[in-house]
Amino acid sequence: MRIHTLVADVLIALAQTGVAVLLGQESAAQGWPALDATGYLMVALVNAPVVLRGRAPVAVCLMVLVMWAVYVTAGYWPVVNSFAPMLAVYTVAATRSVRTAVGCAALMSAVWIYAGAISEDAVMVSVLGQAVGFSAVLVRFGYTARRSTELADRLREEQQERARREVADERGRIARELHDVVAHHMSVISVQVGLARFVCDTDPATARNALATIEESSRNGLEELRRVLRVLRVDGDGGPAAPMPGISRLDEMADRVRAGGVPVDLRVHGRPRPLPPGVELCAYRCVQEALTNVLKHAPGARTQVQLHYESDQLTVSITNGGQGVNPDKMRTGSGHGLIGMRERAKLYGGTVTVGPRSEGGFTVRLILPVSVRTSPKRDGTTE
């Protein structure tokens, strides 16, 4: 569970105050005045500002150093409150420019040297070494932390930008494919119109079947057209005018994957029925991407592809028994293939879930809602 930054700073301030109070109990043993009520108050004033170090690091650092100087001037043991100034300087170095960090570190060194100067038993060579050494280390560590944070932020922005580009490219490909699907429906309508006009007087049953096909194709074509209008169309090279792949061609895909060394078992549950070309294309591409991942990341793993025809949806499951693809990558959605699957499924109101199996391997599950379609029979009735 992630702790809020302010809560974490409150806990740090309380911990530092507790450590200072415990060290204060050793003041008399070290030859310094024991902490009294004023001393405890100053301990609290030195450590309390740390709570706000994330919001105003420079102001907090200056306040801590001033209160530490007052505490030292009052004659108390300087070591008791040395942790808060060091944390304050580190915070400035981790969040502000090097120049600002060096300035705050110089002030801390000055207070450190001042504490040694007013002490009767202090060895100034050691005091100077500590003042300069601790300040330099804090500035260096803070700078390294700041650079690491900046690089992590830049990497995250680049990944987000790359994901946006991949989504745009995938939507462009989907739009071009859906354009071909709509063109297919228009071609069917054109052919059926010609057939209906040719046999309307001599064969009314055939004409009625043609009109039913026209009705169905026009409805599906309009649905696909609405989807096309919601997708960003990216201009590019036109692909070959080949038929859109669908569920009927999954056997061919399975044969190709088997030839690549992956045993694939294709099973169909329920009663197969005609589906809109866009839905079939979505299912085909999902299976294609999943099997491609198996070939890349789990070669030789036995894989099962299952199609479940239900009354209102089509469920496609691809399960392999190997190690599968990287679970972290697939779970966070950083993979280009998963982005494509999700965009296609979203276009048809479906969902894609990807994840490792408890018994080993990986599972991809695609659920696509489909409406109950009526397919004309040759005698003019429907089923």
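The questions below set values against definitions.

Modeller: This is a predicted model, in which local features need pLDDT of at least 70 and side-chain atom pairs count only at pLDDT 80 or more, while totals for chains, interfaces and linings use all residues. Residues are numbered from 1 along each chain as its sequence is written, and side-chain values use heavy atoms, with hydrogens and water left out.

Biologist: How many helices and strands are there in the protein?

Modeller: The protein has 11 helices and five strands. Helices (H or I, at least four residues) and strands (E, at least two) are DSSP runs, numbered from the N terminus.

Biologist: Which strand pairs with E2 in the antiparallel sense?

Modeller: That strand is E3 (residues 313-320), with seven bridges to E2. Gln306 stands opposite Ser317 in E3. E2 and E3 form a hairpin, with three residues between them.

Biologist: Why is E2 described as largely enclosed by the rest of the structure?

Modeller: Buried means under 20% relative accessible area, exposed over 50%, and partly exposed in between (1.4 Å probe, protein chains only). Five of the seven residues of E2 (residues 303-309) are buried, so this strand is largely enclosed by the rest of the structure. In the protein, buried residues make up 39% of the 383 residues.

Biologist: What is the handedness of the β-α-β unit made by E1, helix H9 and E2?

Modeller: The unit of E1, H9 (residues 277-297) and E2 is left-handed. A crossover is right-handed if, with the strands pointing away from the viewer, the path from the first strand over the helix to the second runs clockwise.

Biologist: What is the order of the strands in the open sheet?

Modeller: The five strands of the open sheet have the order E1-E2-E3-E5-E4, with mixed pairing. E1 and E4 (351-356) are the edge strands, since each pairs on one side only. E4 is joined to strand E5 (residues 362-369) by six bridges, and these strands run antiparallel. Val352 stands opposite Leu366 in E5. In the hairpin of E4 and E5, with five residues between the strands, Gly360 takes a positive phi near 110°.

Biologist: Why is Gln313 called partly exposed?

Modeller: Gln313 has 22% relative accessibility and therefore counts as partly exposed, the class between the two cut-offs already given. This residue lies in strand E3.

Biologist: Which residues does Gln313 touch?

Modeller: Contact means heavy atoms within 4.5 Å. Not counting residues up to four places away in sequence, Gln313 touches His308, Ile367, Leu368, Pro369 and Val370. Gln313 and Pro369 are 56 residues apart in sequence, yet 4.1 Å apart in space, C-alpha to C-alpha.

Biologist: What makes the link between the side chains of Gln313 and Thr315 a polar contact?

Modeller: A polar contact is a pair of N or O atoms within 3.5 Å; within protein, one must be able to donate a hydrogen and the other to accept it, and residues adjacent in sequence count only if both atoms are side-chain atoms. The side chains of Gln313 and Thr315 are joined at 3.4 Å, so this pair falls within the 3.5 Å cut-off.

Terms used
Two strands pair if DSSP finds at least two bridges between them.
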